[in-house]
Amino acid sequence: MGRERMEKSGREIKRFDITDKTDKIINPLITEMEMEAFNTFFKVGDFEDNMKDVVYNMIANHTDDGTSSMGNVVVMGSNKSGKTKLAIELIKLINKKLGIKGRRLAKISAVKLNEKGIEETFKKLRRCDLIIEGAQLLEEKTIDEILEATKGDTDNMLIALEGDTDKMNELLTEYPKMTEVFNYKIIIREYNIHEWVNYGREYAGRKGYKMDEIGQLAFYKAIDDFYGTTKHITKNDIENMIDKAIKRSKTFRGKLRHAFVKKENDTGLQILVEKDFDI
């Protein structure tokens, strides 16, 4: 297995050229096009970088030994944060990058797994990968069974646990051996309204706009109202709010309003005002 390692000052960057049994080169680096499947989850902060790091390492450190003894992932987040969707897209991408075709994807709740047991479940899952939903509800007996079963012949099954962030962290702390098997972690973090407003301002700036003080207060209210209805906000939701505000600013009435609003001399940015966020 040939490996080429490159390092940059500061943050270490690893690059491996992985050759499989057919001498096919597998590139663990993820492209922007491949990342599009996760666009909904790219919010603010370093989520995108963390996602790329996890995917990179899951590819670079993949071992084709027929077991599931390591290289599995925990996906954590709040209710309605899209944990299962992210786990599905992640597994699909890992298989694609490894050149693995024809695998099916199975889902089972932790509650059902506690009832059925691992042995019966794993027998039905040859050539499958598995997502265990609500994994914070796994019982001790089931956890022990999972850890033991992953050492056996699983046909390289990739297993993803998805669950509530706080409760999953508690579970991993209580059963530290789980982190040896599920040694990758992705957290879909909920961001507060100030972070969302800052992201909206940054996005508006890329579009050639900025908010005046009252416009920013209106944007705060628009986010708060949206969250009150949906209980969940994504990067796309924030961008849609800004896009709609920009569209309103370009209407005839908007142009009349903006005729009396001074353009920022220092930045050359157009101004979004309170009425633009009446969306």
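**Exercise 1.** Is K221 buried or exposed? Classify this residue, then describe its charged partner.

*Solution.* The model is predicted.
Step 1: take the relative accessible area of K221, which is 53%. Exposed means over 50%, so K221 is exposed.
Step 2: find the partner. K221 forms a salt bridge with D225, and the closest N and O atoms are 2.7 Å apart.
Step 3: classify D225. Its relative accessible area is 39%, so D225 is partly exposed.

**Exercise 2.** Which parts of the chain does the salt bridge between K52 and E32 tie together?

*Solution.* 
Step 1: check the distance. The closest N and O atoms of K52 and E32 are 2.9 Å apart. The cut-off for a salt bridge is 4 Å.
Step 2: assign the elements. K52 lies in helix α2 (residues 47-60) and E32 in helix α1 (residues 32-35), so the bridge ties together parts 20 residues apart in sequence.
Step 3: classify E32. At 52% relative accessible area, E32 is exposed.

**Exercise 3.** Examine the salt bridge of E162 and K83. Are its residues buried or exposed?

*Solution.* 
Step 1: the N to O distance is 3.8 Å.
Step 2: E162 lies in strand β6 (residues 159-164) and K83 in helix α3 (residues 83-98), so the pair ties together parts 79 residues apart in sequence.
Step 3: both E162 and K83 are buried.
Step 4: The whole structure holds 13 salt bridges.

**Exercise 4.** Which residues form the negative surface patch, and which helix supplies its largest share?

*Solution.* 
Step 1: list the members. They are E140, D144, D166, E170 and E174.
Step 2: α6 (140-149) and α7 (165-174) each supply at least two residues.
Step 3: find the largest share. α7 gives three residues.
Step 4: look at one member. E170 is found in helix α7. Its relative accessible area is 54%, so E170 is exposed.

**Exercise 5.** Where is G208 placed, and which residues does G208 contact beyond its sequence neighbours?

*Solution.* 
Step 1: locate G208. The loop between α9 (193-206) and β8 (209-211) holds this residue.
Step 2: classify G208. Its relative accessibility is 22%, so G208 counts as partly exposed.
Step 3: leave aside neighbours within four places in sequence. G208 then contacts L269 and Q270.
Step 4: compare sequence with space. G208 and G268 are 60 residues apart in sequence, yet 7.9 Å apart C-alpha to C-alpha.

Key. Residues numbered from 1 in each chain as written. Predicted model: local features only at pLDDT ≥ 70, side-chain atom pairs only at ≥ 80, totals over all residues. Heavy atoms only, no water. Patch = residues over 30% accessible without salt bridge, like charges linked within 9 Å, V, L, I, M, F, W, Y side chains within 5 Å. Areas by Shrake-Rupley, 256 points an atom, 1.4 Å probe, with all protein chains shown as cover. Salt bridge = Lys/Arg side-chain N within 4 Å of Asp/Glu carboxyl O. Lys, Arg positive; Asp, Glu negative; His and termini not counted. Charge placed at Lys NZ, Arg CZ, Asp CG, Glu CD. Helix = DSSP H or I, 4+ residues; strand = E, 2+ residues; numbered from the N terminus. Buried < 20%, exposed > 50% of the residue type's maximum accessible area, 1.4 Å probe, protein only. Contact = heavy atoms within 4.5 Å.
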